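Let's take a walk through this one together, from a helix and its surroundings out to the rings, the loops and the chain as a whole. Have the viewer open as you read.

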Amino acid sequence: MSNLLEELKYRDLVYQQTDEEGIKKLLETESVSIYCGTDPTGDSLHVGHLLPFLTLKRFAKYGHKPVVLVGGGTGIIGDPSGRSEERQLQSLETIAENAKKLENQLRNIFRGDENIEFVNNGDWLGKMSMIEFLRDFGKLINVNYMLAKDSVSSRLENGLSFTEFSYTLLQGIDYAYLNEHHGVKMQLGGSDQWGNITTGLEIMRKLRGDVEAYGFTIPLMLKSDGTKFGKSTGGAVWLDPEKTTPYEFYQFWFNTADNDTISAIKKFTFLEKEEIEKLEESLAKEPHLRLAQKALAEELVKIVHGEAALESALNITKALFSGNIKELTLDELKVAVKGMPKAQLPKDDINIVDFLVESGVVTSKRQAREDVNNGAISINGDKVTDLAFTVDSSSRLEDSFTVVRRGKKNYKLVEYK
């Protein structure tokens, strides 16, 4: 698509704009510096943080300049938006370490985008004294104005500290600073950031009058059942590969429900409209092939983790589906077994029938004998059909675990005490 706003609307990525005509004219007439930020209140971003930054990457593909802010200053405070209770404060050392990790994750997502700038608001907020904050900025914003913000008003009944109350003012200072010192004319964020974005515009107006600056938000990503997109049954899906492996990341996207897949492809991937329409047709006519989910999963792993990680995730997926886990490297196997149901046994030689019962793979010796006779049991990728087979030290990988497969899909990891 030749027009950025047209593409954003096609992908359902437009929620609020402070001045639609002004933004349209700005984006069509010049290369614009646009910022989006996140706070390092944790040591990893998760899928719920991903969409605003992927949207910022779309702006970059149309020739605009992304400015990515990691809030080393605001992270010390914590954004109250969307929270029902006071945030637990963390040490300055933890915040600084988290900021480094988040910046590395974001740099990975924006690899290939050369015209990009990373900033940390600790560099300017950290130099400001309390007196300067109150004198230079506290006087600009009326308390009634701040009380009207959703992030504040929603917390008044349960209580809100002055620390978190001041957050919207601090983020507003960020926008004013970036506008003056980095030429940023637009802030992009999720729908929950609208109040913070407009506070920044209000501060600029009070400080410098008619400043050219705009706000743009994207809608909250919801599943077709109305629940928030981005959570798995095991909790958050992290961008840190140590917390959520690329294979697990792939599986999360591959398991997207049919009703949510095309919407996710539009929002999260950079596939062209024609390709999306083909996937939509396939999903309607041959949903069992899951071509749309496969495309979604492959694109997201490439964006977040890179080509090599995708290749490994596909290798693991193929090996687990076929049962040929011996084709995996030891590192890939360790990733593959991470999410398997587990059992613990002592390091004793044990007959296959007793092994299957004691590890909980089956519930009875009769079932165990039947499964072995029928060729339904594999140990570390090798089919076992002999009822006299002994699970011993040669069946322990790295002398610490054994992978059992029953049938086509049921895996169990047996660890040894």
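Start with helix H4, whose buried residues pack against strand S2 (33-38), helix H3 (47-61), strand S3 (65-70), strand S4 (117-120) and helix H15 (291-305). Packing here is about contact, meaning heavy atoms within 4.5 Å. Helices (H or I, at least four residues) and strands (E, at least two) are DSSP runs, numbered from the N terminus.

Before going further, a word on the ground rules. This is a predicted model, so local features need pLDDT of at least 70 and side-chain atom pairs count only at pLDDT 80 or more, while totals for chains, interfaces and linings use all residues. Residues are numbered from 1 along each chain as its sequence is written, and side-chain values use heavy atoms, with hydrogens and water left out.

Back to H4. Which of its residues are buried? They are Ile-95, Asn-98, Ala-99, Leu-102, Gln-105, Leu-106 and Ile-109. These residues sit on the same side of H4, because they cover an arc of only 135° around the axis; the arc is that of the directions from the helix axis to the C-beta atoms. Glu-93, Lys-100 and Asn-104, on the other side of H4, are exposed. As for cut-offs, buried means under 20% relative accessible area, exposed over 50%, and partly exposed in between (1.4 Å probe, protein chains only).

Helix H19 (residues 365-373) can be read the same way. Its buried residues are Gln-367, Ala-368, Asp-371 and Val-372. They cover an arc of only 130° around the axis, which puts them on the same side of H19. The cover over these buried residues includes helix H18 (352-358), strand S11 (377-379) and strand S14 (401-406). Just after H19, look for Gly-375, which takes a positive phi of about 75°.

Now for the rings. The structure holds 8 aromatic pairs. Rings of Phe, Tyr and Trp (its six-membered ring) pair if their centres lie within 6.5 Å; planes under 30 degrees apart count as stacked, over 60 as edge-to-face and the rest as tilted. Phe-252 is buried, with a relative accessible area of 14%. Ring pairs link Phe-249, Phe-252, Trp-253 and Phe-268 into a cluster.

Rings also meet charges. Lys-61 lies over the face of Phe-270, at 5.3 Å from the ring centre, and the charged end of Lys-243 sits over the ring of Trp-238, 5.0 Å from its centre. The criterion is NZ of Lys or CZ of Arg within 6 Å of the ring centre and within 35 degrees of the ring normal.

Two loop residues are worth a stop. Thr-18 has its place between strand S1 (16-17) and helix H2 (20-29), and at 31% relative accessibility Thr-18 counts as partly exposed. Leaving aside neighbours within four places in sequence, its contacts include Trp-194, Leu-201 and Tyr-214. Pro-219 is found in the loop between strand S6 (214-218) and strand S7 (231-232). Buried or exposed? At 19% relative accessibility, Pro-219 counts as buried.

Finally, zoom out. The chain has 19 helices and 15 strands, and buried residues make up 49% of its 417 residues. Its C-alpha atoms fill a box of roughly 85 × 50 × 40 Å, taken along the principal axes. Among contacts with a separation of 6 or more, 74% come from residues 24 or more positions apart.
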